[in-house]
Amino acid sequence: MFFEDLRIIDPILKAIENEGYTTATPIQEKAIPVILEGKDLQGFAQTGTGKTAAFAVPMLQLLYKKKETERKNINIKALVLAPTRELAIQIEESFSAYGKYTGIKNTAIFGGVSQKAQVERLKAGIDILVATPGRLLDLVQQKYINLQHIEFLVLDEADRMLDMGLGYDVKRIISKLPKKRQTMLFSATMPKEISKLIASILLNPVKVEVTPVSSTIDTIRQSVYLVEKRNKKHLLTHLLKDKSIESVLVFSRTKHNANKITSDLIKSGIQAQAIHGNKSQNSRQLALSNFKEKKIRVLVATDIAARGIDVEKLSHVINFDLPEVPETYVHRIGRTGRAGEEGMAISFCDEEEKDLLKHIEKTISKSITVIKEHPYTGSSLELSITSSDISKNKDAGKSRNARKSNTNRKDNTNRKDNTNAKDSRSNYFRKSKSKA
Ligand SMILES: Nc1ncnc2c1ncn2[C@@H]1O[C@H](COP(=O)(O)OP(=O)(O)OP(=O)(O)O)[C@@H](O)[C@H]1O
Ligand SMILES: [Mg+2]
(Lines give C-alpha, C1' and ligand atoms only; values in the text may rest on other atoms or scores of the structure.)
(Ligands and ions follow the chains in the order given, each with its own letter.)
Protein backbone atom coordinates (compact mmCIF):
# COMPACT_ATOMS: atom_id res chain seq x y z
CA MET A 1 0.00 0.00 0.00
CA PHE A 2 1.25 3.48 -0.87
CA PHE A 3 1.56 6.09 1.86
CA GLU A 4 -0.88 8.31 -0.07
CA ASP A 5 -3.54 5.65 0.47
CA LEU A 6 -3.00 5.96 4.22
CA ARG A 7 -4.06 9.61 3.93
CA ILE A 8 -0.66 10.95 4.90
CA ILE A 9 -0.43 14.71 4.43
CA ASP A 10 1.84 16.25 1.79
CA PRO A 11 4.64 17.65 3.98
CA ILE A 12 5.20 14.20 5.49
CA LEU A 13 4.75 12.38 2.18
CA LYS A 14 7.46 14.53 0.66
CA ALA A 15 9.83 13.75 3.54
CA ILE A 16 9.33 9.99 3.43
CA GLU A 17 9.77 10.10 -0.30
CA ASN A 18 13.13 11.79 0.35
CA GLU A 19 13.97 8.82 2.55
CA GLY A 20 13.30 6.60 -0.44
CA TYR A 21 10.16 4.92 0.93
CA THR A 22 7.44 4.24 -1.61
CA THR A 23 5.18 1.62 -0.06
CA ALA A 24 4.25 1.19 3.58
CA THR A 25 5.43 -1.94 5.39
CA PRO A 26 2.74 -4.20 6.90
CA ILE A 27 3.12 -2.75 10.41
CA GLN A 28 2.91 0.77 8.97
CA GLU A 29 -0.14 -0.13 6.94
CA LYS A 30 -1.92 -1.54 9.98
CA ALA A 31 -0.75 0.81 12.74
CA ILE A 32 -0.94 4.20 11.02
CA PRO A 33 -4.76 4.29 10.56
CA VAL A 34 -5.31 3.16 14.17
CA ILE A 35 -3.03 5.85 15.55
CA LEU A 36 -4.59 8.50 13.30
CA GLU A 37 -7.96 7.56 14.79
CA GLY A 38 -6.59 8.38 18.23
CA LYS A 39 -6.62 4.86 19.64
CA ASP A 40 -4.15 3.19 22.00
CA LEU A 41 -2.10 0.54 20.27
CA GLN A 42 0.19 -2.40 20.83
CA GLY A 43 2.23 -3.03 17.69
CA PHE A 44 4.26 -6.16 17.22
CA ALA A 45 6.32 -6.79 14.12
CA GLN A 46 9.65 -8.38 13.38
CA THR A 47 12.93 -6.52 13.62
CA GLY A 48 13.79 -4.11 10.83
CA THR A 49 10.26 -3.81 9.46
CA GLY A 50 9.73 -0.09 10.00
CA LYS A 51 8.11 0.21 13.41
CA THR A 52 9.69 3.63 13.93
CA ALA A 53 7.82 5.22 11.02
CA ALA A 54 4.72 3.28 12.07
CA PHE A 55 4.47 5.53 15.14
CA ALA A 56 6.47 8.60 14.08
CA VAL A 57 4.55 9.34 10.87
CA PRO A 58 1.01 9.38 12.34
CA MET A 59 2.18 11.23 15.46
CA LEU A 60 3.76 13.94 13.34
CA GLN A 61 0.56 14.17 11.34
CA LEU A 62 -1.65 14.53 14.43
CA LEU A 63 0.68 17.12 15.94
CA TYR A 64 0.86 19.03 12.66
CA LYS A 65 -2.92 19.26 12.49
CA LYS A 66 -3.08 20.43 16.10
CA LYS A 67 -0.42 23.04 15.47
CA GLU A 68 -2.49 24.53 12.70
CA THR A 69 -5.18 25.36 15.22
CA GLU A 70 -3.11 26.01 18.37
CA ARG A 71 -0.26 28.26 17.32
CA LYS A 72 2.60 29.24 19.63
CA ASN A 73 2.02 26.30 21.90
CA ILE A 74 5.47 25.28 23.10
CA ASN A 75 4.61 22.57 25.59
CA ILE A 76 5.99 19.06 25.16
CA LYS A 77 3.09 17.14 23.65
CA ALA A 78 4.64 13.79 22.82
CA LEU A 79 7.02 11.58 24.75
CA VAL A 80 8.89 8.62 23.26
CA LEU A 81 10.82 6.43 25.67
CA ALA A 82 13.67 4.20 24.51
CA PRO A 83 15.98 1.88 26.45
CA THR A 84 19.37 3.12 25.27
CA ARG A 85 20.97 6.46 24.50
CA GLU A 86 21.94 5.40 21.00
CA LEU A 87 18.40 4.34 20.21
CA ALA A 88 16.97 7.59 21.58
CA ILE A 89 19.31 9.51 19.27
CA GLN A 90 18.33 7.36 16.29
CA ILE A 91 14.59 7.73 16.90
CA GLU A 92 14.99 11.49 17.20
CA GLU A 93 16.82 11.51 13.87
CA SER A 94 13.89 9.64 12.32
CA PHE A 95 11.42 12.23 13.65
CA SER A 96 13.65 14.96 12.21
CA ALA A 97 13.75 13.22 8.83
CA TYR A 98 10.02 12.45 8.59
CA GLY A 99 9.04 15.80 10.11
CA LYS A 100 11.43 17.91 8.05
CA TYR A 101 8.66 19.91 6.35
CA THR A 102 6.22 20.09 9.26
CA GLY A 103 7.89 22.67 11.51
CA ILE A 104 7.44 20.28 14.44
CA LYS A 105 10.34 20.41 16.85
CA ASN A 106 11.87 17.44 18.56
CA THR A 107 14.90 16.65 20.64
CA ALA A 108 16.52 13.72 22.43
CA ILE A 109 17.70 13.66 26.01
CA PHE A 110 19.84 10.89 27.48
CA GLY A 111 22.42 10.33 30.17
CA GLY A 112 26.20 10.11 30.02
CA VAL A 113 26.69 13.65 28.71
CA SER A 114 26.30 17.09 30.24
CA GLN A 115 22.68 18.19 30.52
CA LYS A 116 23.48 21.78 29.55
CA ALA A 117 22.91 21.58 25.80
CA GLN A 118 19.82 19.43 26.34
CA VAL A 119 18.33 21.97 28.75
CA GLU A 120 18.99 24.78 26.25
CA ARG A 121 17.10 22.90 23.56
CA LEU A 122 14.22 22.22 25.93
CA LYS A 123 14.01 25.91 26.84
CA ALA A 124 13.71 26.83 23.18
CA GLY A 125 10.45 24.84 23.11
CA ILE A 126 9.85 21.42 21.60
CA ASP A 127 6.85 19.34 20.62
CA ILE A 128 8.27 15.82 20.73
CA LEU A 129 10.72 14.56 23.33
CA VAL A 130 12.63 11.31 22.86
CA ALA A 131 14.25 10.20 26.09
CA THR A 132 15.90 7.50 28.12
CA PRO A 133 14.15 7.12 31.48
CA GLY A 134 16.98 8.10 33.87
CA ARG A 135 17.83 11.48 32.35
CA LEU A 136 14.15 12.28 31.87
CA LEU A 137 13.38 11.76 35.55
CA ASP A 138 16.43 13.81 36.44
CA LEU A 139 15.30 16.78 34.36
CA VAL A 140 11.70 16.46 35.55
CA GLN A 141 12.97 16.60 39.11
CA GLN A 142 14.97 19.72 38.31
CA LYS A 143 11.80 21.20 36.78
CA TYR A 144 13.27 21.64 33.33
CA ILE A 145 10.57 19.34 31.99
CA ASN A 146 6.85 19.52 32.56
CA LEU A 147 4.99 16.35 31.61
CA GLN A 148 1.52 17.79 32.23
CA HIS A 149 0.80 18.50 28.58
CA ILE A 150 1.75 15.10 27.18
CA GLU A 151 -0.91 13.81 24.78
CA PHE A 152 1.08 10.98 23.20
CA LEU A 153 3.28 8.37 24.82
CA VAL A 154 5.30 5.77 22.93
CA LEU A 155 7.25 2.98 24.56
CA ASP A 156 9.57 1.68 21.88
CA GLU A 157 11.03 -1.73 22.75
CA ALA A 158 8.08 -1.91 25.15
CA ASP A 159 8.95 -5.24 26.77
CA ARG A 160 12.41 -3.97 27.64
CA MET A 161 10.99 -0.71 28.96
CA LEU A 162 8.72 -2.60 31.33
CA ASP A 163 11.14 -5.27 32.51
CA MET A 164 13.00 -5.41 35.81
CA GLY A 165 15.82 -3.15 34.68
CA LEU A 166 13.84 -0.13 33.48
CA GLY A 167 10.28 -0.87 34.60
CA TYR A 168 10.50 1.00 37.88
CA ASP A 169 11.63 4.26 36.28
CA VAL A 170 9.15 3.91 33.43
CA LYS A 171 6.26 3.40 35.83
CA ARG A 172 7.33 6.50 37.77
CA ILE A 173 7.33 8.49 34.55
CA ILE A 174 3.91 7.19 33.54
CA SER A 175 2.50 8.13 36.94
CA LYS A 176 3.42 11.75 36.20
CA LEU A 177 1.60 11.85 32.85
CA PRO A 178 -1.98 12.98 32.28
CA LYS A 179 -4.39 10.02 32.39
CA LYS A 180 -6.01 11.23 29.21
CA ARG A 181 -3.46 10.50 26.53
CA GLN A 182 -2.85 8.21 23.57
CA THR A 183 -0.38 5.41 24.35
CA MET A 184 1.46 3.24 21.85
CA LEU A 185 3.74 0.29 22.54
CA PHE A 186 6.00 -1.33 19.98
CA SER A 187 8.35 -4.29 19.97
CA ALA A 188 9.39 -7.41 18.11
CA THR A 189 9.10 -9.45 21.30
CA MET A 190 6.78 -9.61 24.29
CA PRO A 191 7.42 -12.21 26.98
CA LYS A 192 4.21 -13.34 28.72
CA GLU A 193 5.21 -12.03 32.16
CA ILE A 194 5.45 -8.53 30.77
CA SER A 195 2.38 -8.59 28.56
CA LYS A 196 0.31 -8.81 31.78
CA LEU A 197 1.68 -5.47 32.93
CA ILE A 198 0.49 -3.72 29.84
CA ALA A 199 -3.18 -3.54 30.73
CA SER A 200 -2.49 -0.88 33.32
CA ILE A 201 -0.85 1.41 30.80
CA LEU A 202 -3.21 1.17 27.83
CA LEU A 203 -6.88 2.02 27.46
CA ASN A 204 -8.93 -0.24 25.15
CA PRO A 205 -5.91 -0.84 22.93
CA VAL A 206 -5.97 -2.16 19.41
CA LYS A 207 -3.47 -4.98 19.06
CA VAL A 208 -1.65 -5.16 15.75
CA GLU A 209 0.48 -8.24 15.27
CA VAL A 210 2.00 -8.66 11.83
CA THR A 211 3.89 -11.90 12.47
CA PRO A 212 4.07 -14.11 15.57
CA VAL A 213 5.71 -12.26 18.44
CA SER A 214 9.41 -13.14 18.82
CA SER A 215 9.64 -14.69 15.37
CA THR A 216 12.79 -13.95 13.41
CA ILE A 217 12.72 -12.61 9.91
CA ASP A 218 13.13 -15.17 7.12
CA THR A 219 15.77 -13.19 5.27
CA ILE A 220 18.22 -13.83 8.12
CA ARG A 221 20.06 -17.13 7.72
CA GLN A 222 20.78 -18.48 11.15
CA SER A 223 23.45 -20.97 12.12
CA VAL A 224 25.21 -22.12 15.24
CA TYR A 225 28.77 -23.39 15.61
CA LEU A 226 29.40 -25.91 18.35
CA VAL A 227 32.73 -24.89 19.80
CA GLU A 228 34.66 -25.12 23.04
CA LYS A 229 34.79 -21.90 25.00
CA ARG A 230 38.58 -21.59 24.70
CA ASN A 231 38.40 -21.90 20.91
CA LYS A 232 35.77 -19.22 20.33
CA LYS A 233 38.34 -16.50 19.73
CA HIS A 234 40.18 -18.65 17.16
CA LEU A 235 36.93 -19.47 15.40
CA LEU A 236 36.03 -15.78 15.27
CA THR A 237 39.37 -14.86 13.69
CA HIS A 238 39.00 -17.75 11.27
CA LEU A 239 35.54 -16.62 10.15
CA LEU A 240 36.55 -12.97 9.85
CA LYS A 241 39.37 -13.88 7.46
CA ASP A 242 36.59 -14.27 4.93
CA LYS A 243 36.48 -10.87 3.26
CA SER A 244 32.92 -11.47 2.06
CA ILE A 245 31.91 -10.64 5.62
CA GLU A 246 31.70 -6.93 4.95
CA SER A 247 30.24 -5.54 8.12
CA VAL A 248 29.86 -7.51 11.31
CA LEU A 249 28.45 -6.84 14.75
CA VAL A 250 29.85 -9.22 17.36
CA PHE A 251 27.84 -9.57 20.57
CA SER A 252 29.35 -10.41 23.92
CA ARG A 253 27.49 -10.93 27.18
CA THR A 254 29.90 -8.85 29.27
CA LYS A 255 31.76 -5.57 28.90
CA HIS A 256 34.99 -7.22 29.96
CA ASN A 257 34.67 -9.87 27.29
CA ALA A 258 33.79 -7.25 24.67
CA ASN A 259 37.12 -5.56 25.42
CA LYS A 260 38.96 -8.87 25.33
CA ILE A 261 37.41 -9.91 22.02
CA THR A 262 38.29 -6.52 20.54
CA SER A 263 41.92 -6.65 21.66
CA ASP A 264 42.30 -10.26 20.45
CA LEU A 265 40.96 -9.25 17.04
CA ILE A 266 43.31 -6.29 16.85
CA LYS A 267 46.25 -8.55 17.76
CA SER A 268 45.26 -10.80 14.87
CA GLY A 269 45.33 -7.84 12.49
CA ILE A 270 41.55 -7.32 12.31
CA GLN A 271 40.49 -3.75 13.01
CA ALA A 272 37.66 -3.61 15.54
CA GLN A 273 36.09 -1.23 18.04
CA ALA A 274 33.99 -1.89 21.12
CA ILE A 275 30.78 -0.32 22.39
CA HIS A 276 29.56 -0.99 25.93
CA GLY A 277 28.41 0.67 29.11
CA ASN A 278 31.88 1.32 30.53
CA LYS A 279 32.87 3.51 27.59
CA SER A 280 32.26 7.24 27.64
CA GLN A 281 29.16 8.37 25.77
CA ASN A 282 31.36 10.14 23.23
CA SER A 283 33.34 7.02 22.44
CA ARG A 284 30.10 4.97 22.28
CA GLN A 285 28.66 7.35 19.72
CA LEU A 286 31.92 7.56 17.79
CA ALA A 287 32.26 3.76 17.58
CA LEU A 288 28.66 3.43 16.37
CA SER A 289 28.94 6.19 13.79
CA ASN A 290 32.24 4.77 12.50
CA PHE A 291 30.47 1.46 12.11
CA LYS A 292 27.39 2.98 10.46
CA GLU A 293 29.63 4.86 8.03
CA LYS A 294 31.58 1.66 7.26
CA LYS A 295 34.83 3.14 8.57
CA ILE A 296 35.22 0.02 10.70
CA ARG A 297 34.30 -3.49 9.67
CA VAL A 298 33.87 -5.06 13.09
CA LEU A 299 32.01 -3.62 16.07
CA VAL A 300 32.05 -5.62 19.28
CA ALA A 301 29.09 -4.82 21.49
CA THR A 302 27.23 -5.77 24.61
CA ASP A 303 23.44 -5.85 24.52
CA ILE A 304 23.28 -2.05 24.60
CA ALA A 305 23.43 -2.40 20.81
CA ALA A 306 20.93 -5.28 20.65
CA ARG A 307 17.72 -3.29 20.36
CA GLY A 308 16.47 -0.98 17.67
CA ILE A 309 19.84 0.09 16.25
CA ASP A 310 19.62 0.40 12.48
CA VAL A 311 22.81 0.02 10.47
CA GLU A 312 22.39 -0.09 6.72
CA LYS A 313 23.99 -3.04 4.92
CA LEU A 314 25.05 -4.81 8.10
CA SER A 315 25.72 -8.23 6.62
CA HIS A 316 26.55 -10.35 9.67
CA VAL A 317 25.79 -10.65 13.35
CA ILE A 318 27.93 -13.01 15.41
CA ASN A 319 26.90 -14.08 18.88
CA PHE A 320 30.26 -14.78 20.51
CA ASP A 321 28.22 -16.03 23.41
CA LEU A 322 24.54 -16.73 23.63
CA PRO A 323 22.31 -14.31 25.53
CA GLU A 324 20.68 -15.42 28.77
CA VAL A 325 17.29 -14.05 27.72
CA PRO A 326 16.01 -15.68 24.52
CA GLU A 327 14.24 -12.51 23.34
CA THR A 328 17.63 -10.80 23.31
CA TYR A 329 18.70 -13.26 20.62
CA VAL A 330 15.81 -12.08 18.43
CA HIS A 331 16.89 -8.46 18.80
CA ARG A 332 20.62 -9.13 18.43
CA ILE A 333 20.27 -11.01 15.15
CA GLY A 334 17.69 -8.47 14.00
CA ARG A 335 20.48 -5.92 13.53
CA THR A 336 21.05 -7.68 10.19
CA GLY A 337 18.49 -8.54 7.51
CA ARG A 338 16.69 -5.20 7.85
CA ALA A 339 14.48 -3.37 5.38
CA GLY A 340 14.22 -6.41 3.13
CA GLU A 341 17.98 -7.03 3.01
CA GLU A 342 19.49 -10.45 3.55
CA GLY A 343 21.58 -11.17 6.60
CA MET A 344 23.59 -13.85 8.29
CA ALA A 345 23.43 -14.62 12.00
CA ILE A 346 26.10 -16.89 13.40
CA SER A 347 26.16 -18.04 17.01
CA PHE A 348 28.87 -19.80 18.97
CA CYS A 349 27.61 -22.34 21.47
CA ASP A 350 29.78 -24.10 24.03
CA GLU A 351 28.89 -26.93 26.34
CA GLU A 352 27.53 -24.65 29.06
CA GLU A 353 25.29 -22.78 26.63
CA LYS A 354 23.32 -25.64 25.21
CA ASP A 355 20.28 -24.98 27.39
CA LEU A 356 20.29 -21.36 26.27
CA LEU A 357 20.26 -22.55 22.68
CA LYS A 358 17.25 -24.74 23.38
CA HIS A 359 15.39 -21.83 24.95
CA ILE A 360 16.16 -19.65 21.98
CA GLU A 361 14.88 -22.25 19.51
CA LYS A 362 11.73 -22.64 21.55
CA THR A 363 11.15 -18.90 21.68
CA ILE A 364 11.64 -18.32 17.96
CA SER A 365 9.87 -21.60 17.02
CA LYS A 366 12.66 -22.44 14.63
CA SER A 367 15.59 -24.79 14.72
CA ILE A 368 18.94 -23.25 13.97
CA THR A 369 21.26 -24.92 11.48
CA VAL A 370 24.15 -26.58 13.33
CA ILE A 371 27.60 -26.25 11.79
CA LYS A 372 29.64 -29.13 13.12
CA GLU A 373 32.49 -29.10 10.68
CA HIS A 374 34.95 -26.30 11.21
CA PRO A 375 38.62 -26.12 12.23
CA TYR A 376 37.86 -25.77 15.95
CA THR A 377 35.49 -28.60 16.66
CA GLY A 378 37.88 -29.86 19.38
CA SER A 379 38.90 -33.49 19.52
CA SER A 380 38.32 -34.12 23.22
CA LEU A 381 34.96 -32.51 23.21
CA GLU A 382 32.83 -33.71 20.32
CA LEU A 383 30.38 -31.55 22.15
CA SER A 384 27.59 -33.40 23.79
CA ILE A 385 25.25 -31.08 21.96
CA THR A 386 24.35 -32.80 18.78
CA SER A 387 21.89 -31.77 16.19
CA SER A 388 19.55 -34.57 17.21
CA ASP A 389 19.85 -33.46 20.81
CA ILE A 390 18.66 -30.04 19.81
CA SER A 391 15.93 -31.41 17.60
CA LYS A 392 14.57 -33.31 20.60
CA ASN A 393 13.39 -30.00 21.90
CA LYS A 394 9.80 -30.78 21.25
CA ASP A 395 8.58 -27.22 21.24
CA ALA A 396 11.08 -25.97 18.72
CA GLY A 397 9.99 -26.42 15.18
CA LYS A 398 6.28 -26.00 15.69
CA SER A 399 7.07 -23.30 13.25
CA ARG A 400 5.11 -22.37 10.21
CA ASN A 401 8.51 -22.53 8.53
CA ALA A 402 9.67 -25.90 7.35
CA ARG A 403 12.45 -27.27 9.47
CA LYS A 404 15.78 -27.19 7.76
CA SER A 405 17.99 -30.22 7.96
CA ASN A 406 20.44 -29.84 10.80
CA THR A 407 22.72 -32.71 10.18
CA ASN A 408 26.34 -32.43 9.25
CA ARG A 409 26.17 -29.25 7.32
CA LYS A 410 29.51 -28.17 5.92
CA ASP A 411 31.10 -24.91 6.92
CA ASN A 412 29.23 -23.04 4.26
CA THR A 413 27.40 -20.33 6.15
CA ASN A 414 29.05 -17.60 4.17
CA ARG A 415 27.92 -18.80 0.80
CA LYS A 416 26.15 -16.21 -1.25
CA ASP A 417 23.64 -18.62 -2.76
CA ASN A 418 21.01 -17.53 -0.37
CA THR A 419 18.13 -18.91 -2.38
CA ASN A 420 15.64 -19.43 0.41
CA ALA A 421 16.27 -16.01 1.78
CA LYS A 422 15.78 -14.41 -1.61
CA ASP A 423 12.52 -16.23 -2.19
CA SER A 424 11.01 -15.02 1.01
CA ARG A 425 12.30 -11.49 0.60
CA SER A 426 9.60 -8.98 1.10
CA ASN A 427 9.13 -6.48 -1.66
CA TYR A 428 7.34 -3.73 0.26
CA PHE A 429 10.77 -2.36 1.08
CA ARG A 430 11.69 -1.54 -2.50
CA LYS A 431 13.04 1.96 -2.35
CA SER A 432 12.63 4.42 -5.16
CA LYS A 433 16.14 5.72 -4.56
CA SER A 434 18.78 5.21 -1.95
CA LYS A 435 18.63 7.22 1.23
CA ALA A 436 20.28 10.59 1.29
N1 LIG B 1 8.18 1.98 4.10
C2 LIG B 1 9.50 1.79 4.06
N3 LIG B 1 10.13 1.58 2.88
C4 LIG B 1 11.47 1.39 2.84
N5 LIG B 1 12.28 1.37 3.93
C6 LIG B 1 11.70 1.56 5.12
C7 LIG B 1 10.31 1.79 5.25
N8 LIG B 1 10.02 1.96 6.56
C9 LIG B 1 11.19 1.86 7.22
N10 LIG B 1 12.22 1.62 6.37
C11 LIG B 1 13.64 1.41 6.71
O12 LIG B 1 13.72 0.14 7.35
C13 LIG B 1 14.75 0.13 8.32
C14 LIG B 1 14.23 -0.45 9.63
O15 LIG B 1 13.27 0.41 10.20
P16 LIG B 1 13.09 0.52 11.79
O17 LIG B 1 14.39 0.82 12.43
O18 LIG B 1 11.95 1.42 12.01
O19 LIG B 1 12.70 -1.00 12.12
P20 LIG B 1 12.05 -1.60 13.45
O21 LIG B 1 10.88 -2.39 13.03
O22 LIG B 1 11.86 -0.54 14.45
O23 LIG B 1 13.18 -2.62 13.91
P24 LIG B 1 13.66 -3.04 15.42
O25 LIG B 1 12.68 -4.05 15.92
O26 LIG B 1 15.00 -3.63 15.22
O27 LIG B 1 13.69 -1.80 16.22
C28 LIG B 1 15.24 1.57 8.43
O29 LIG B 1 16.47 1.69 7.74
C30 LIG B 1 14.17 2.37 7.75
O31 LIG B 1 14.71 3.52 7.14
MG1 LIG C 1 12.68 -0.10 16.27
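The unreviewed UniProt entry annotates a short sequence motif, the Q motif, over residues 1-29; such positions follow the numbering used here, feature names are shortened, and annotations may be inferred rather than shown by experiment. That stretch is 45% helix and 0% strand, and its end C-alpha atoms are 7 Å apart. This is a predicted model: local features need pLDDT of at least 70, side-chain atom pairs count only at pLDDT 80 or more, and totals for chains, interfaces and linings use all residues. Residues are numbered from 1 along each chain as its sequence is written, while chains are lettered from A and ligands numbered from 1 in the order in which they are written.

**Whole chain**

- The protein chain has 16 helices and 14 strands. Helices (H or I, at least four residues) and strands (E, at least two) are DSSP runs, numbered from the N terminus.
- Of the 436 residues in the protein chain, 46% are buried. A residue is buried if 20 or more other C-beta atoms lie within 10 Å of its own, exposed if 12 or fewer, and partly exposed in between, with C-beta atoms placed from the backbone.
- Among contacts with a separation of 6 or more, 78% link residues 24 or more positions apart. A contact requires C-beta atoms, placed from the backbone, within 7 Å.

- An open sheet of 7 strands runs in the order 3-4-2-5-6-1-7, with parallel pairing. Two strands pair if DSSP finds at least two bridges between them.
- Strand 3 (106-109) and strand 7 (206-209) are the edges; each has a single partner strand, so one side of each lacks a neighbour in the sheet.
- Neighbouring strands of this sheet are turned by 15° against each other on average, direction ignored. Axes are lines fitted to C-alpha atoms, for helices over the stretch in contact, and angles run from 0 to 180 degrees between N-to-C directions.
- Strand 1 (residues 41-44) and strand 6 (residues 182-187) run parallel and are joined by 4 bridges. Q42 has L185 in strand 6 as its bridge partner.
- Helix 4 (residues 85-98) packs on this sheet and touches strand 2 (78-81), strand 3, strand 4 (128-131) and strand 5. The direction of helix 4 makes about 175° with that of strand 3.

- Strand 9 (residues 248-251) runs parallel to strand 11, with 4 bridges between them. V248 is bridged to V298 of strand 11, and F251 is bridged to A301.

**Ligand 1**

- The shell around ligand 1 holds 20 residues, the closest being Y21, G50, K51, T52 and A339. A residue is near a molecule if its C-beta atom, placed from the backbone, lies within 6 Å of it.
- Helix 3 (residues 51-69) gives the most to this shell, with 3 residues.
- By class, the shell has 7 nonpolar, 9 polar and 4 charged residues. Ala, Val, Leu, Ile, Met, Phe, Trp, Tyr, Cys and Pro count as nonpolar, Asp, Glu, Lys and Arg as charged, and the others, Gly among them, as polar.

- E157 is not a glycine, yet its phi is positive, about 55°. E157 sits in the loop between strand 5 (152-156) and helix 7 (158-161). E157 counts as buried because it has 24 C-beta neighbours inside 10 Å.
- K313 also is not a glycine and has a positive phi of about 55°. K313 lies in the loop between strand 11 (298-301) and strand 12 (316-319). With 13 C-beta neighbours inside 10 Å, K313 counts as partly exposed.
- In helix 14 (residues 354-364), the buried residues are L357, H359, I360, E361, T363 and I364. S365 follows helix 14 and has a positive phi, near 50°.

Notes
Contact = placed C-beta atoms within 7 Å.
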